[in-house]
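Please read the numbered points alongside the sequence and the model.

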Amino acid sequence: REGLRDGDVLVSNHPQLAGGSHLPDITVITPVFYKGEIIFFVASRGHHADIGGIAPGSMPPHSSKLEEEGAMIVAFKLVRNGVFQEEGITEVLKAPGTIPGSSGTRNLRDNLSDLRAQVAANNAGIKLLQELADEYGLHHVQAYMNFIQQNAETSVRNMLKDFAKKHSKRAHAVDYMDDGSKIELAIDIDEETGSAKFDFTGTGPQVLGNHNAPPAVTYSAVIYSLRCLVAQDIPLNQGCLAPIEFVIPEYTLLNPSNDAAVVGGNVLTSQRVVDVVLKAFQACAASQGCMNNLTFGDSEFGYYETIAGGAGAGPNWDGTPGIHTHCTNTRITDPEILERRYPVLLREFSIRKGSGGKGEHPGGDGVVRELEPLRTLTMSILSERRTLHPYGMNGGEEGSTGRNLLIRKNGIVVNMGGRCSGSMNVGERLRVETPGGGGYGPIPATSS
């Protein structure tokens, strides 16, 4: 309302009201001023290890309302006239503590450091853009930004035209979450223009749990999938979505109400949307379809990691074992750093042999990760593909489902299910076995 001046920086994270993904992903946005005018905006998004809520790590497996997942920010001026608003953002990050059963951020120092780093990253981008405008002229810079988007649009249109000519002008796919929630996609392609309608009508209603996904997650999953399907090396940009019309009915799993819990939608449902898009195009078998979100902590700290699994195989490649796939792009903490900084022992981190689906091209194997707390900690796991297998394609077999196991002191093993949060004591171990990828093509006959 008060406008933006040079030296102002905005921060936001609300999934439904501000185009966010889930609350731990905080976006810092800075206007780029050039000769007194705003010419661009630069932004950096970072996942914060804890922003409050009902569980350490702000990835609660059983949240049913958005307010239970941490601090909510539609828009806040993080920097005003060049001054970092530490007191104001601290108040915002501590606000969840006023809700019964919730806590404010458990890692305020890290939050503030990370936010300052995001502001600094934006400033570096601004400096480079301003230098580019000085060197080549603003008109040329803007023109080439448009050219990059136009090239992406043309590339996607050509891919869609080619698919329509070789296969069909209509594609369809359905897949399910472990709770039975359906994700359905019908794609209608205009063979002449290369435009397409991605219609998610038929997708199940929003759920009381937290694997609802705001529309931004579906847009991201589709743009990622289209970029993978384009047989050219192009930078990812909004031009990829220019040919696409979306239909995502309100109050469904992929377009929930403003107060719906969504922390699992960004990390689980996003994977299933990618599976559905790639299945519709018959591109490859399903990958692990999950990020295996593990959080642990107590009143003093929160830690969060995602765990790799098996990649799906394709027409001319085997699935890769033990790798993050699709919308993850994260690297796990090195064992030495993990054990030095946090009160846990890493008992095992290995390939889960035989978990990939068999086929002419086998799916990649998942992994095994086993942790033991060195003091009583709350440990939470938020995962998928514990019930329904990653699909194979064209005769290839399914990948194995994952398992989350609690190993008690007395040796008894307890299946924790796909979503669980609880206190773990010294001597107990959490063992996560991640899904394998699906195989592609029939298993070759053995020679006699």
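How many helices and strands does the protein have? The protein has six helices and 18 strands, where helices (H or I, at least four residues) and strands (E, at least two) are DSSP runs numbered from the N terminus.

1. Basis. This is a predicted model, in which local features need pLDDT of at least 70, side-chain atom pairs count only at pLDDT 80 or more, and totals for chains, interfaces and linings use all residues. Residues are numbered from 1 along each chain as its sequence is written, and side-chain values use heavy atoms, with hydrogens and water left out.

2. Overall form. Along the principal axes, the C-alpha trace spans about 75 × 60 × 40 Å.

3. Burial. Of the 448 residues, 54% are buried (under 20% relative accessible area, with a 1.4 Å probe and protein chains only).

4. Main core. The largest nonpolar core holds 48 residues; such a core is a set of buried Ala, Val, Leu, Ile, Met, Phe, Trp, Tyr and Cys residues joined through side-chain atoms within 4.5 Å. Among the members that touch the most others are Leu-160, Ile-183 and Phe-281. Elements that each supply at least two residues include α3 (138–166), β7 (182–189) and α5 (265–280). The largest share, eight residues, comes from α5.

5. Helix α5. In α5, 15 of the 16 residues are buried, so the helix is largely enclosed by the rest of the structure. Gln-282 follows α5 and has a positive phi, near 55°.

6. Ser-21. Is Ser-21 buried or exposed? At 6% relative accessibility, Ser-21 counts as buried; this residue lies in the loop between β1 (9–12) and β2 (25–34). Leaving aside neighbours within four places in sequence, Ser-21 is in contact (heavy atoms within 4.5 Å) with Pro-15, Arg-45, Pro-214, Val-217, Val-262 and Asn-266.

Technical notes:
Buried < 20%, exposed > 50% of the residue type's maximum accessible area, 1.4 Å probe, protein only.
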